[in-house]
Every structure is written in C-alpha cells, then in structure tokens.
Amino acid sequence: MRRYVKLVSLLIAAVFLSVNGYARDTRTVKAASVLQGDADEAASAADETAPAADGAVSDADGADASKAQSFAVNFERVLDSYQPKKNHYNFFFTYKNVHAWWDAVALGIEEAQRQYLARGITVTYEYLAPKAASVFAQERFLRQGENGDYDVIGVDVADESISMILDELSDEGHKVMTFSSSDAAEGCKRIAYVGNTHNYEDGARITEALCEKLGYQGKIAVLIGTQGAPCHEERAQGARAVIAKYEDMKIVDVGYDQDSVDRAYKMTEKFLKRFDDLAGIVCCNMSNPVGAVRALTDMNRNDVVVVGMDHDQEALQYVRDGKIYCLGVQDCFSIGFDTIQVAVRIADGVQPGDLYPEKTEEDTTLIYQDEAGKMLEILYGEVR
Amino acid sequence: MKRSIQLTAVIGALLLAILLAGLALWVTGGAAVSTEQAVDRLSDFYLQELAGRRSQVVSSMIDTNIEQMQRAMNAVTEDDLASEASLRSFIGKIETLYDLDLFAVVDEADVVYCRYATYMGGSRYDFLSMDLSRSGPVISTVHQYGGTKKICIVIPLSGLTFMDRELKACFVQTDIEELAEMLAFDNDQNETWFGMYYRNGENLTHLDFGPVGKGQNLLEIAKEVIPEDEWTVLNENFRNGMQGFIEISFDADKHIMYYTPIRDTGWMMTVLISERLIQDQVRGISDELIRRTTIQFIISGLALTLYFLALLLESRRESRILLEKEKEHSKASRERARRSESELGVMKGIANKDPLTGVQSKYAYTEKVKELDQMILSGDDVSFAVVIGDLNGLKRINDTFGHAAGDEYLKEAAAVLCEIYEHSPVYRVGGDEFAAVLQGVDYRNRSVLLERLNTQIEENARNGRAVIATGMAERLPEDQNVLAVFDRADRLMYERKQELKASHV
C-alpha cells in the first residue's frame, strides 16, 4: 500500500510541476513576443524615411481628363498638353485684399506651379494684396509689378478704374491678364481673363432661389462686399434684377461690409432694426453670409432667409444646419490652376484663340442643405 | 478498527475531491479574472509604448526642424537678403540641404517668402496673428485644399531685415499626411490605430482612427458612445493636454484609447486598440493555462480516485486476510477446546472407574452422592437404595496367595455385583468395599435382587469363591442425604458379615 501512495503522490507532483512550469514559460514568451513585435514595428516606423517626392504629373494625354469637374471644386486638376517655350517663368499677381477666398485660389496656383516644376519648368511668382481692398492699394501693388521683371502681371480687379492702369501697363509692354473674381472694364487691353465670368448670373441665381423660397414676396436686404469691386457689384445687380421681377418683393436696404465679417454682422443688425419684417438677405461675397447669420442667430431671427456666395467653412456649416438657404460656391482651385496655365501661354506670346479663350470661365455651383455636408468634406475634410 | 480506516479513507477521498474541484474552479475563475487584468495592463502598457514612441518621433521631427531653421538663419548673410532672387536662392539651398518640403521667411507685413513664390500669409497662417516677438517656437497647422493640413513649425526672428522690412519669423511646412502615414500602423488586421488630434477633437490627419472617420471630431463621436461623466473627463483632459486612458465601445466592440499630449504642439497623440488584439494573445495563453490546469486537476482527481480505490481494495484485502486468520484461529481454538474436553472426558472416565475391577470408583460414587444430595435438597421425590458390599477374606488371600490372587478375588467379587445389579452403577468405595446405588428397575426389584445376591454369595462360600457381605437400605422420606441411607445399609452389611462368618468359618 505504501508503494501505491508513493507512486500516486509522485504522479500528482509531476503533473503540477509540469503544467505550471509550461504555463509560466508560455506566458513569458508570448507576452514578450507581443511587445517585441510592437517594438520592432515602432522602430521600423521611426527609421522610415519620408515617402519619395511626388511622382510625375500625368502626361499631356491626361489633360482632357483634368477638366473633369468633381463636385463644385475640382482638386484633381492636371496640366494640359501645352508645351511651354521656356524653362522659367516669373509672374506677378495682385488681388483685392488678403482674404481666405484668395488663399483658395493660391492653392490652385501652387498646384500648377508644382506640376510645372515636376516637368522641369520653374514658375516663380508674387501673389500680393493689401490687407483692405482699395483702388490706391491695388495701384501701389501694380506699380511694384510694373517695376519688376515679370513675364506676366495678373490682376484681380478691385475696381473697374484699375483698368486704366492695366492699359498703361500694357502700353509699356507688360503682358497683363486679369484673374479670379473680377475682370477689367470692357475694352481694357488686358490679354485674357481667368475666373468667374458670370458674377451677374451668380447673383441672379442665388436671388432667384431666395425668391422661390419666400414665395415671391417680402422685403429683401442686399449685403455687398467691397464697394466698386466688379464681382460683388455685378452679383448685386443680378439680385436687383431678379427682385425687380416680382411685384410683392422689394429691396429695402443695401450695405457694404468691405469683406469684413464684423461689418456684415453690424449691417445685418441695422437692417433688422430698420425693417423688423425683413424676409431675406442676399449676400454677394464670402464674408457677407457669415456675418449675417451670426447676427440673425444672436437676434433670434431664424425666420429671415439668407442666400450667399462662396465656400467659407462656417457659411457651409450654416447651410448644413439650415441657417443659410444656399451658397454659390466658385471653383477657386481651378481659377488658380488655370491662371498659371494661361499666364504661361501669355508669357510665351500666345494670344487667346485655339490654345486658350480670352475668358476662361470657371463654374459656380449652388450648394443647398443636402449637399453642404459633402462640400464640407471635400473642402475641409469635415465629417459629422 | 479496519472499518474505521475504510471510512476515513472514503471521507478523505470525498474531501480531497471537493477540494480539487474547488481549486479547479478557483484556478479557472482566477485565470479568467487574471486574463482580464492582464489584458487591461498589457493594453495600457502597449498603448503607452505605441503612443510614447510616436509622440517622440513627432517631437524629434519638430526639434530637428527648429534646430535646422536656427542654423539656417544663423548662416544667412547680407547678400542672401540683398534681393528677392538671392533670398529665394538661399531658401532653396536650405530646403535642399535639409530636405525640407517648404522653408519660408515672413516679414513684418506678413509677406511670406518661399523658394518659388511670395505671397500674403495673413489670412492663411494662424500663427501670424500671434505676437511672435514674445514667443518661442510655435507649432501650427495650415489648411490645404480638400481638408488636408500641413504642419508649420515656426521660430520668431529678430534683427534681420529684407527690403526695408523686418523679418519676423521663418517656418518649415511639413506634410502632415506623410508624417501620419510614417507613424501609422500596418493595420491589416484593423485592430490598432494611431491618430493626431487638436485639443478640440478635430483630426489633424486624413487617417481614419478606427471606427472614427478621418473627418469626424473624436470628442463628438466619443460623446455619443461613452457615459457623460467619462466624456467630461476626456474632454477636460484634451482641453488641458493631459494624458489618459478610456474604454470606448463601437458596435459592442470594446476598444481602449490612450491619449497623450505631443510636447509643445497643442495636439494630442492618440492610439486606439481593439481589445480583441490583446485578448487574443493573452486569452491564448490563459486558455492554454486553463486547459492544462483542467487536465492537471482531472489527472490529479483520477490519481487520487485510484489512490483511494487502491487504499480501499488493499484495506478490504487485509480485512479478508485477517478474517481468515481469525477463522483459523477460532477453529484452532475450538479444536483445542474440543481436545481439552475430550481429554477431560478421558480423565473423568479414568477418575470415575476403578482400574482393577472395572466398576465405578470412589470418585464416581462421591459425584453420584452429590447429585442425589442436590436433588434431595431441591425437594425432588428421589427414590433410590444403596447396597453396601464388603469382601470377606481378602487379607488372608493376599497374605497367602499373593496380591495377584487378591486382585483376582476383588475382580470376581465386582463381577458378581455387576451381574446382579446390571442396571445400576457399582462402585469400589474402599479396598474391599463396594457400593451400588439402585434406581429405576433395580430399585423396584431390589428385594429380589438382594435375595439373588445372597443366594449367589452363599453358593460362592460353599465353592470357595468370593464371599461378599451385603447390606441394603432404601431412602426414607426423612433422609436428608445419601449418607443417612448409606449408614443404615452399612450397619446391615456388618450384621450380614457376622452372619456369614458365623455360618462358614
């Protein structure tokens, strides 16, 4: 019997020792392997160098496809098949005032410049503007361009009166073009224009949408950006023309915010104080709708219908939230991109015709509530 | 004794079995709890390691860029600042030297000078709204088209002028997506994610953060899936740049998120891991441990069962052996008793019989007297008679013819008595004295038998053969013992002896 007891005791001890020993070893090895794997992976990540520089831009055959418009703004632009005559270009651009809208245009310019560089063509440029829009400030910048060694001088016209200076520059032998939102006056000697060619229509379209929303009745106020800025004024004209069509609608007030959100806010407050029964506001630039909705929200006047222009993130959020009825979004990126393509042609001495139009027209898309989220995602990567 | 051992063994086995089962439950239950704890601890450690390393990479990249810019601006010469072309050339050299995406300087009018462009930065770069003269390096971001962002690492400048304007800062612009992709995990299994967020929860990168989409605000998403109090802590920690852990379940899939501030940036480094990843690893170990522990307990249980079974069987076998031994011992004892009884009977027989004559001995007579006295004392109606016989002339025969002749004379006398009282015991109660106790048939025929004996004696006397003087007495109701009867028979025997002497000598 003692033999049995000894045998079984030894068996039990062996089972305990072997199992616990195995488990301890396994735990150690597997836990270590998890951490070691991560350490290797993290070390590998730290050792990695940055990805290679951007690859070559699509060739000329892809040029037609580059025009394929994505939703409202086309970020997938590719240079067309035009072969520049020089390896280096130097441009001077000036625009109305420092504002995010022209930063969006700048992104298109930078993309085109990058693609040319990838082709071995260096494009350098100045892209300057005064902090506040004014004819005098723009003239000052133009004189700066006049004195520099630039292949092309490009201008987003702050006021039609600038056209005279552009003619002067042209007469001096400078190659002058206009771009962005406002063309020069009719008959100006500038070579070409790239940008919004339908500001009047844009103003009319957003106003028509407002009228329909209001059932073609009610008092309307119009907010405009910079006084004298062709694009803003043309949109306001378009708005006036539409409102004039409807007997039960009337523009009761007009204000300029000088591209300032704060001023737009104050102008809206003033509108509502004077016309408590105001039914809608037409906003003709980027800052107008933001200031207007902020004021309406603070005054708890959600009954006033707002329509506006451009792609400000806050304004698009207001569209998404139903505080702005619609926005006319211009394809700023393409404006900038095409400005460089046209400037290169102009620098090469190519006149408008088969290779590019005298006016390169860029699209404006009306964005309503159901599309605002998509627009926010495309422009700002914002997803709810 | 043996039964007690068996009972102890059985109870012991049961107690051990219960103990083993309890231990098994405790160990497996403990293993499950330990697994959970291990998962939590390993997850925490794992996430801290992941986030810490990546945060360090970002900080190192920032430090390197700052150092490079400081070196560059220390090396800038008056010639470099003589014209826009020379400045662009200098910037180009620095970009090439340090392999920078974009290096730029900014003047007091917020004009940004790059390698290929000069542009207005006021509406584009948030850092230009700051008073850079009073700050150290600034880490900022700038929005690009499509919602992408770039990192701007800015250092303030002083004492440098360009085209009559003071240079207020220089900065390096880095593609945040390239950095993010470099830091991102090889996420084939979709179980670990890395992210960088502003403190308001907005994503810095274009990377999905697990179930949180790239364009979604992390804090807003978290608010929908975690309890309010936990969200408050998370939100506060983000706002204040504090590190922490939080459990987040997306579609019942539990995740652990670790967040830690990235030094000097105002950003949060986040790492999210599906608990499945750790669980799979740890549970694999735990399951193996539980499996082996279970096997261990089963084997131990079986071994113990066998052990106690063996103990029981051995005990029973020993019991059987002991029983057999006891049986044998009992049998031997009985045999010994039987033998003793037999030997006693022989001894008794020897003691009860007179060896010379073959009649009952004096001892047997004493035993018979005790038996009868006991019956009288008990009040039984006992009827018997005592015959006393005394052999005449024995001394003369011994002296004349020797003891052998005397012995023969005694045997003849005994034979006479046994022949007459054939249904009664005859005792030799002395050297030449005999007694017979008559009961039953001989008692009822006592007178006839005595007459027949006397006739035989008289004839023997005439033939020179054994002469026995006899006396017989019956038990009378007043007799309280055998001795009283004996005494009367003895007196009658002496009287008869005298008669015989008188007639034959």
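**Entry 1: conventions and chain A**

I took helices (H or I, at least four residues) and strands (E, at least two) as DSSP runs, numbered from the N terminus. On that basis I found 12 helices and 12 strands in chain A. I noted that this is a predicted model, in which local features need pLDDT of at least 70, side-chain atom pairs count only at pLDDT 80 or more, and totals for chains, interfaces and linings use all residues. Residues are numbered from 1 along each chain as its sequence is written, and chains are lettered from A and ligands numbered from 1 in the order in which they are written.

I called a residue buried if 20 or more other C-beta atoms lie within 10 Å of its own, exposed if 12 or fewer, and partly exposed in between, with C-beta atoms placed from the backbone. Buried residues make up 50% of the 384 residues in chain A. I counted two residues as in contact if their C-beta atoms, placed from the backbone, lie within 7 Å. Among the chain A contacts between residues at least 6 apart in sequence, 73% join residues at least 24 apart.

**Entry 2: confidence**

I looked up pLDDT, the predictor's confidence in each residue, from 0 to 100. Chain B averages 87, and 96% of its residues score at least 70. Among the elements of chain B, helix α6 (residues 275-352) has the lowest mean pLDDT, 80, and strand β2 (residues 111-113) the highest, 97. For the complex, the predictor gives an ipTM of 0.77 and a pTM of 0.64.

**Entry 3: the sheet of chain A**

I treated two strands as paired if DSSP finds at least two bridges between them. In chain A I traced an open, mixed sheet of six strands in the order β7-β6-β8-β9-β10-β12. Its edge strands are β7 (249-256) and β12 of chain A, each pairing on one side only. For angles I used axes fitted as lines to C-alpha atoms, for helices over the stretch in contact, with values from 0 to 180 degrees between N-to-C directions. The twist averages 15° from one strand to the next.

Strand β8 (residues 278-283) of chain A runs parallel to β9(A), and three bridges join them. In β9(A), V307(A) is the bridge partner of V282(A). Helix α9(A) packs on the sheet and touches β6 (218-224), β8, β9 and β10 of chain A; its direction makes about 155° with that of β9(A). Helix α10(A) also packs on the sheet, touching β9, β10 and β12 of chain A, and its direction makes about 140° with that of β10(A).

I then examined α10 (residues 313-320) of chain A, where A315(A), L316(A), Y318(A), V319(A) and R320(A) are buried. These buried residues pack against elements of chain A including α9 (287-298), β9 (305-309) and α12 (369-380). Just after α10(A), G322(A) takes a positive phi of about 85°.

**Entry 4: nonpolar cores**

I defined a nonpolar core as a set of buried Ala, Val, Leu, Ile, Met, Phe, Trp, Tyr and Cys residues joined through C-beta atoms within 7 Å. Which members of the largest core touch the most other members? Of its 183 residues, they are M177(A), L223(A), V282(A), V306(A) and A104(B). The largest share of this core, 10 residues, comes from helix α11 (residues 332-347) of chain A. A second, separate core of 44 residues includes A364(B), I420(B), I468(B) and F486(B).

**Entry 5: the sheet of chain B**

In chain B I found four strands in an open antiparallel sheet, in the order β13-β14-β12-β15. Strands β13 (426-428) and β15 (468-474) of chain B stand at the edges with a single partner strand each, so one side of each is left without a neighbour in the sheet. Neighbouring strands are turned by 20° against each other on average, direction ignored.

Strand β12 (residues 385-391) of chain B pairs with β15(B) over seven bridges in the antiparallel sense. Along this pair, I388(B) stands opposite G471(B), and G389(B) has T470(B) as its bridge partner. Six of the seven residues of β15(B) are buried, so this strand is largely enclosed by the rest of the structure.

**Entry 6: R54(B)**

I located R54(B) in helix α1 (residues 2-75) of chain B. Is R54(B) buried or exposed? R54(B) counts as buried because 27 C-beta neighbours lie inside 10 Å. R54(B) touches L183(B), F194(B) and M269(B), not counting residues up to four places away in sequence.
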